Amino acid sequence: MTTIPAICIQFLALVLFVLGLATTLSRRNLFFLLMGVEVMLNAANLSFVGFSRTLPGEASVEGLVIPVFVIALSAAEACVGLAMLILVFHSRESVDADAYSRMKE
Amino acid sequence: MNQLQHYLWLLPALPLLGAILNGTLSLASTDTPNGPSRGLSGFIGTMASGLAFVLTAVLALSIRNDEAIRQVCWTWIDAGSFKVNFGFAFDSLTAMMLLFITGIGTLIHLYSIGYMAEDRGFARFFAYLNLFMASMIVLVLGSNMLMTFIGWEGVGLCSYLLIGFWHHEPANGDAARKAFLVNRAGDLGFLLGAFALMALMGSNASLEYSAIAAWFRDSANASILASGTGAGLLTAACLLIFLGCTGKSAQIPLLTWLPDAMAGPTPVSALIHAATMVTSGVYLISRMSDMFVRSPLTMSVVAGIGIATALWAAIAGLFQNDIKKVLAYSTVSQLGFMFVAAGIGAFDAALFHVFTHAFFKAALFLGSGSVIHALHGEQDIRKMGGLWKKLPLTFGVMAAGWYAILGLPLGAGFWSKDLILEKAFVHSPLLYVLGLSGAVITALYMTRLMVLTFFGKSRDEHAAAHAHEAPVSMAVPLLILGLGAVGAGFFWAGMIPGMDAFQVMISPVLSPAQGFLSHGTGEHHVSALLFAAIGTLAALVGATAAWKIWGGNAKVEAIGSSAPKGFGAHWTNLFDYVHALVIWPTKAVSWIFDKVVQTVVFGGSIALVQFIVELVGDCVRSLQRPRLRVNLGLSLAGLLAVLAFFLLGAW
């Protein structure tokens, strides 16, 4: 079984993170914003898992445990975020983030 | 040392408590129909002052002449080697000052009960009087210059409050403000003088009188005083502190406030503007005599200013028609004599004149108050006359004061003023001749005052018909002060052996300084009897001349206000003109500051700051867009900038 070099995993995580960031910054659709955030979170997860293979002992366990928490957190975040999105959509009839710039009205 | 040192703080605290109680009474009775209870208020006020007198007497009897009892309440300023205590010191000089301050103060409190009885602000008046007593006690009891300065400012404040006591009359408020502002000019001199003194003493700087005296007496410091900078600083310190004294003691050039201060009630004029506060300048110079004697230039200035003031004010006294104004100029003139004595190094003689003057001038002022009271507010002596039959007691007391101030044999002024003239002769015959002519003019204006007030025919029958003698509370202080005017001189009757209790008492404090001056010149022996004879002759000449001019039924017409006219007015206002020379440039400078500095410099710099803030604000506001992605991008850029700063920077 060939092992993937650790540095490759980190590169992949970096690419994923930048993709997620680019999505968040460039898209106006709120769904894509949330997706971009999810991609960035998962890029971080991937980075943790990658390090768990290279680091010794206890640190390697931490690299496996933290992604579990992050998954739970991102699930909760998506849950709340989508719920709010639906509520706001009802009043604005739009999923454009810039359309929500006058929320206090 | 004894246990009494723990009670020094009570001396100022008792009158202060009286002031607080009376102030409360005054406030509490604002809305009542009759005003405050006269009995309660007067009792509190007089007791507060009287208890302070009793305590002073106990303390004075319990110390030896050459010891001082001290109490340090707390350390006030502690900055490295420089320390100032909130402390009191009680030595024989303080004892002497406090005895007559509290003694005469108590009598005048008692007198005020009668004099102010019909005044709505009775309790307020006693509150101010008690506050004045507390301040005056702090002034002379303080163990360092800063404590004295508290009292110095306190008496200035009370003087302001009491001159403007009847503030419904705008002129009284003007007089009060004038007194306050002129005194401020002097106070600035006091402070700057203290700073100059601290600069002179260098690393040993202290404001404690005992430390200052010790520093100057220490021969190791003579070289500092001999150096150019040291001599300059010493002269500056002495002159500036003397400037403070001229403000408080109404000497040239800061004397214009005292005659105006007669706008206050007469007991105030007697207590503050004749007997006690105005003598604090003489006290301060005596207290710092070790410093002053080492600056011959300042001593000459003090003596010169003193004699000039004495003569000028005596002549001004001749032109006045207001009974209190005559006495006010007389006070200025007598204070001039005290400064002459201080300037020639006879500090004990100066203080003795302070002591006797307090009695006879208080008697004269209270007597004039009794006349004004009897005539329902009339103060113009041209409208009086023939009052001696109506007011025999007042006449007797004022005659005693007249006898004392003229320096006729065995009166109080006979001992103190002749002593000053005698010492002046030893110092410089010219000074003596000028002083003697001052004495002649004193006799002139005082006799004029007495003749116009009490003799001849009454020039205002209506007012005289209703004249009545003072009530008991006014008569008792009058009698005591009248006796004092005659008898106070016997505490230092130079010609009678053994009658020198006053000199023996205060000499431990003053002898080092006086010894420094007389060192090397030797003792001059002059015939005291001869001087007494010449002095008496001078007084008699003045009195006789005044009797010839104004006696009998000379025509004195009262036209218009009591203010002098023509040459007299110009002479009287001489130093107001001098003040104007200072006031006009000050006003011009303030105008320039108002129009140029205020608008251009300050206005311009404020506008500039405003412009910059607006500019930056506008720039930054354009970044603050309601766009989620812009905000996110900017915060990311900020995060990257911070990361780059820490990763790539010096850290």
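Chain B comprises 26 helices and two strands, where helices (H or I, at least four residues) and strands (E, at least two) are DSSP runs numbered from the N terminus. The structure is a predicted model, in which local features need pLDDT of at least 70, side-chain atom pairs count only at pLDDT 80 or more, and totals for chains, interfaces and linings use all residues. Residues are numbered from 1 along each chain as its sequence is written, while chains are lettered from A and ligands numbered from 1 in the order in which they are written.

Along the principal axes, the C-alpha atoms of chain B fill a box of roughly 110 × 65 × 50 Å. Of its 651 residues, 51% count as buried; a residue is buried if 20 or more other C-beta atoms, placed from the backbone, lie within 10 Å of its own, exposed if 12 or fewer, and partly exposed in between. Two residues are in contact if their C-beta atoms, placed from the backbone, lie within 7 Å. Among contacts in chain B between residues at least 6 apart in sequence, 81% join residues at least 24 apart.

The two strands of chain B form a hairpin with two residues between them. Strand S1 (residues 69-79) and strand S2 (residues 82-90) of chain B pair in the antiparallel sense over nine bridges; pairing requires that DSSP finds at least two bridges between two strands. B:Ile69 has B:Phe90 of S2(B) as its bridge partner, and B:Arg70 stands opposite B:Ala89 in S2(B). In the hairpin, B:Gly80 takes a positive phi near 65°.

Helix H18 (residues 412-427) and helix H19 (residues 429-454) of chain B pack at an angle of about 155°, with their axes 6 Å apart. Axes are lines fitted to C-alpha atoms, for helices over the stretch in contact, and angles run from 0 to 180 degrees between N-to-C directions. H18(B) and H19(B) are therefore roughly antiparallel to each other, given that angles under 35 degrees count as roughly parallel, over 145 as roughly antiparallel, 65 to 115 as roughly perpendicular and the rest as oblique. On the side of H18(B), the contact is made by B:Lys417, B:Leu421, B:Ala424, B:Phe425 and B:His427. H19(B) contributes B:Pro429, B:Leu431, B:Tyr432, B:Gly435, B:Leu436 and B:Ala439. By class, this contact has eight nonpolar, two polar and one charged residues; Ala, Val, Leu, Ile, Met, Phe, Trp, Tyr, Cys and Pro count as nonpolar, Asp, Glu, Lys and Arg as charged, and the others, Gly among them, as polar.

Some backbone features of chain B fall in loops. In the loop between helix H9 (228-248) and helix H10 (257-260) of chain B lies B:Pro253, which is joined to B:Ile252 by a cis peptide bond with omega of about 5°. B:Ala250 is found in the loop between H9 and H10 of chain B, and its phi is near 55°, a positive value in a residue other than glycine. With 31 C-beta neighbours inside 10 Å, B:Ala250 counts as buried. Phi of B:His376 is also positive, near 55°. B:His376 is placed in the loop between helix H16 (347-374) and helix H17 (392-406) of chain B and counts as exposed, with 10 C-beta neighbours inside 10 Å.

B:Ser300 belongs to helix H14 (residues 296-318) of chain B. B:Ser300 is partly exposed, having 13 other C-beta atoms within 10 Å. Its C-alpha atom is separated by 6.1 Å from that of B:Gly343, 43 residues apart along the chain.

Chain A averages a pLDDT of 86, and 94% of its residues score at least 70; pLDDT is the predictor's confidence in each residue, from 0 to 100. In chain A, confidence is lowest in helix H3 (residues 57-92), at a mean of 88, and highest in helix H1 (residues 6-26), at 91. Helix H3 of chain A contains A:Phe89, which counts as partly exposed with 14 C-beta neighbours inside 10 Å. A:Phe89 and A:Tyr100 are eleven residues apart in sequence and 9.5 Å apart in space, C-alpha to C-alpha.

Between the chains, six residues of chain A are in contact with six residues of chain B. The side of chain A that touches chain B has two nonpolar, two polar and two charged residues.
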